[in-house]
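Open the model in your viewer and keep the sequence panel beside it. This tour goes stop by stop: select, look, move on.

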Amino acid sequence: MRRTRLAGALTAVIALALTAAGCGGGSTPPAAPAAKAAAAAPDRVEPLSSPAVPRLPVTVASADGRKVTVASAERIVPLSGSLAELVFTLGLGDRVVARDVTTTFEQAADLPVVTRAHDVSAESVLSLRPTLVLAEATTGPAEAVAQIRDAGVPLVVVPAAKELADVGRRIDDVAAALGVPAAGEELRTRTTGRIDAVRRTIPARADHPRVAFLYLRGSAAVYLLGGADSGAASLLEAAGAVDAGKESGLRKDFTPLTSEALAQAAPDAILVMSKGLESVGGTDGLVRLPGVAETPAGAARRIVSVDDGVLLNYGPRTDRVLASVVEQLYGEGK
């Protein structure tokens, strides 16, 4: 799971979830046409067509309350997949010298990894002589972050994106730290325009499908139901749906999955990350989790699956995520 706000939110509930019931194996049934198209799309970012040239030095506000002066963007280390996506899309991917474990898109595949599980290795980062490190508010451990900063490397913490409305702000923040504000403005305009275009394709409906967001890691018996603060509500609402967990009264980020909680949520569809779905044995395994088969979503086997690396990034590929969710919710056979 990527080292972002979602990863941080999950930390407090993983221990509780480990007591949840396990699940059986199984195979995934044939996907709907929309799901097949989404799965076949290459995991690539789309850089701006115009090359960006950083104008440095700049001094920017870091989300940890510090002012950070960036004098060079020659060697950049983004410590999350979401931040790496932003740097590459702004056109500065050739300056990135490392990645974290959640940076999975194609252009970054050959970069060295500087995290162990989701923990940053300060020694690995520093060995690459970075001139700028970009971090999330949830990046850790704190000792590693402090070690990088104490070595004199400019480290900018970028505020987390919590909803669709944060997309433009997050682009602007990263562009400012890189000294390419004009490229940031161009990317923000492109991204918000594409999101708006997808929203115009959503069919008008009198009813709004209730969608439950489940975080699944079958190998660790971790099964969680997203609530109001999971990060999925804004995406689902943009797709013309209702976040079933939020609507059922779950105010926190995640809660252990139980039959009672699912019955209260009563989802018409279930949103999952693709690797999470795979980890429980596909749709066959998912419907064997406690209470899933008894929901309208489970009975209809109505599952919406989106790649882990982009689902809740709220970045330059959010239009693709939204389009995939819309297609799977309203496309042929849905």
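A cavity here is a set of grid points where a 1.4 Å probe fits but cannot get out, and its lining residues have an atom within 4 Å of a point. Bear in mind that this is a predicted model.

**Stop 1**

How many cavities of 30 Å³ or more does a search of the whole structure find? The search finds 3. Go to the second largest cavity, with a volume of about 40 Å³. Select Val45, Glu46, Thr89, Arg190, Arg194, Pro316, Arg317, Asp319 and Arg320; these residues line the second largest cavity. Now colour the lining by class.

**Stop 2: the three-stranded sheet**

Switch to cartoon view. Find the open sheet of 3 strands, ordered S3-S6-S7 with parallel pairing. Which strands stand at the edges? They are strand S3 (76-78) and strand S7 (155-158); each has a single partner strand, so one side of each is left without a neighbour in the sheet.

Next, select strand S6 (residues 132-136). S6 and S3 run parallel and are joined by 3 bridges. Pick Val77 and look across to S6, where Val133 stands opposite.

H6 lies across S3, S6 and S7. Its direction is at about 160° to S6.

**Stop 3: an aromatic pair**

A search of the whole structure finds 3 aromatic pairs. One of them is Phe88 with Phe105, an edge-to-face pair. The ring centres are 5.1 Å apart, and the planes make an angle of 75°. Where in the chain do Phe88 and Phe105 lie? Phe88 is in helix H3 (residues 81-92), while Phe105 is in the loop between H3 and strand S4 (115-116). The pair links distant parts of the chain, 17 residues apart.

**Stop 4: backbone details in the loops**

Select Leu56 and Pro57. A cis peptide bond joins Leu56 and Pro57, with omega about 5°. Pro57 sits in the loop between helix H2 (33-40) and strand S1 (58-61).

Move to Gly140 and Pro141. The peptide bond from Gly140 to Pro141 is cis, and omega is near 5°. Look for Pro141 in the loop between S6 and helix H5 (142-150).

Finish at Arg129. Is its phi positive or negative? Phi of Arg129 is positive, near 55°, in a residue other than glycine. Arg129 is in the loop between helix H4 (122-127) and S6.

Technical notes. Residues numbered from 1 in each chain as written. Predicted model: local features only at pLDDT ≥ 70, side-chain atom pairs only at ≥ 80, totals over all residues. Heavy atoms only, no water. 1 Å grid on protein atoms, 1.4 Å probe; cavity = no way out; pocket = protein on both sides within 12 Å on 5 of 7 lines; lining within 4 Å. Points joined across faces, edges and corners; volume = space filled by probe spheres on them. Pairing = 2+ DSSP bridges. Helix = DSSP H or I, 4+ residues; strand = E, 2+ residues; numbered from the N terminus. Contact = heavy atoms within 4.5 Å. Axes fitted to C-alpha atoms, helices over the stretch in contact; angles between N-to-C directions. Phe/Tyr/Trp six-rings, centres within 6.5 Å; stacked < 30°, edge-to-face > 60°.
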